[in-house]
Amino acid sequence: VKKIAVFTSGGDAPGMNAALRAVVRTASFYNIECYGIREGYNGMINNDFIKMGARSVKNIITEGGTILKSARSLEFKTKEGRQKAYDNLVARGIDALVCIGGDGTFTGAKVFSEEFGIRVIGVPGTIDNDIFGTDNTIGYDTALNTAMDAIDKIRDTATSHNRVFFVEVMGRDAGFIALNSGLATGALDILIPERKDSIEELFETFEKAEKAGKSSSIVVVAEGEKLGSIYDIAKATKNGFPDYDIRVVVLGHIQRGGSPSCADRVLASRLGYGAVIGLMNGQNQVMAGMQSNRLVYTPIEEAIKKHNEIDQDLLKISEILAI
Ligand code: ATP
C-alpha cells in the first residue's frame, strides 16, 4: 500500500483518537501516505479529506470523542453515494481504507469493498463490546468505568434514603456494560437482553433481599432489555411493592465521553498499528482484534454476523454475591 485513508464512523467511542493516532503514525513510520476523512462516510462522499502526518495527531491520545468527527450516513447506503465516495478516493489515488467503528461501519465497508475492489480493514471502536473477533472493543473499558463510577455515586444516595434505584446503562443489543458494571458495583440484579428475564424473578429477588435485611438496592438494566423499558419495569415494581421508594436513572451519553482508560489507549494503539501492518501484509476485508492478548484478523463478514457470548459465570457470580 502507498496511500491510505482513515475515518471514524457510527457511534463515537473513547479511544477512537488513540486508534487514529496509531494508524497515522504507523503509516508515517512506514512511509505510507495517509489521509483522514471527516465525518465518516459522509466525508468520503463530500470530499472532506485532510492529509495527516505524525504531528497532526499530537496530544490526542488523551482525548475522548474523535477529532475526525463521526456520522451516520444515509447516502452511503445508496449505490450513487458509494460511487461518489469511490470517485473521490480514486482521484486521490487512495488504495486502502482503515475503518474505525462498529458493525454498521463494517457492513458499509464490506459492501463498498465488494462493489469497487477497494481494500478495507476494520478497527472495532464501540462502547457496546458487541463485535465478534476481539475480546474487547475500543471504548468499552472506559464506558464500563464511567458506568461504575456513576453507579457508585447512586449507591451513596440509595443507602442514605433506603431507596431502590433502577439504573439504565448503554447496550442496545448487548448486556456487557450492564453485566460487568453491575457485578463491579454489587447490584442486586442485572437485567440484560441475552437472558430471558421475568418480572416474577425480579420480585423474588426483591423479596429475598428484604428477608436478608437489605434496605436499599440497585438494579442495573441494559438499554436493550427485552422485558420492557426501564420505566415500565420500575412501574411494575411499584405496583408489586407499593412501599418502595423507587427511582430511575438513565446514564445515557456520559458513557460515551471522557478521556479513554489506560486499557483502551493500549488496545487502540495495538489495533491501529495492527490495521496498517495488516494492510501492508495484504489483508483485506478483515478486522484487527485482540484475542487472549494476541493480534488476530477476523473476516469482516464473521465480525458482523457472529456475536460475543456473555459469560454465564458472571451472572451466576453476581447472583451469589448479591445475597
Ligand atoms: P455503533 O455500533 O457504535 O452504533 P456502527 O458502526 O454500528 O456503530 P451505524 O450507524 O450502524 O454505526 O453504521 C455506520 C454507518 O455505516 C451508517 O451510517 C452507514 O453510512 C454505513 N452502513 C451501515 N450499514 C450499511 C450498509 N448495509 N450499506 C452501506 N453502508 C452501511
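These are my notes from looking through this structure, which is a predicted model.

**Whole chain.** I began with the inventory: the chain holds eleven helices and eleven strands. Next I looked up the radius of gyration, which is 22 Å; the globule rule gives 20 Å for 323 residues, so the chain is as compact as a globular protein of that length. The C-alpha trace spans about 70 × 35 × 30 Å along its principal axes. I also checked burial, and 48% of the 323 residues count as buried. For contacts with a separation of 6 or more, I found that 76% are between residues 24 or more positions apart.

**A sheet.** Then I picked out an open sheet of four strands, in the order S7-S8-S6-S9, with parallel pairing. Which strands stand at the edges? They are S7 (189–191) and S9 (246–250); each has a single partner strand, so one side of each has no neighbour in the sheet. From one strand to the next, the twist averages 20 degrees. I followed S7 to its partner S8 (residues 217–222): the two run parallel and three bridges join them.

**Two helices.** Last, I turned to H6 (residues 176–185) and H11 (residues 312–321), whose axes come within 10 Å and cross at roughly 30 degrees. I have the crossing down as left-handed. Who meets whom there? On the H6 side I listed Leu179, Gly182 and Leu183, and on the H11 side Leu314, Leu315, Ile317 and Ser318. Sorted by class, this contact has five nonpolar residues, two polar ones and no charged ones.

Note on methods:
Residues are numbered from 1 along each chain as its sequence is written. This is a predicted model: local features need pLDDT of at least 70, side-chain atom pairs count only at pLDDT 80 or more; totals for chains, interfaces and linings use all residues. Two strands pair if DSSP finds at least two bridges between them. Axes are lines fitted to C-alpha atoms, for helices over the stretch in contact, and angles run from 0 to 180 degrees between N-to-C directions. A crossing is left-handed if the near helix is turned anticlockwise from the far one by less than a right angle, and right-handed if clockwise. Two residues are in contact if their C-beta atoms, placed from the backbone, lie within 7 Å. Ala, Val, Leu, Ile, Met, Phe, Trp, Tyr, Cys and Pro count as nonpolar, Asp, Glu, Lys and Arg as charged, and the others, Gly among them, as polar. The radius of gyration is taken over C-alpha atoms; the globule rule is 2.2 Å times the number of residues to the power 0.38. A residue is buried if 20 or more other C-beta atoms lie within 10 Å of its own, exposed if 12 or fewer, and partly exposed in between; C-beta atoms are placed from the backbone.
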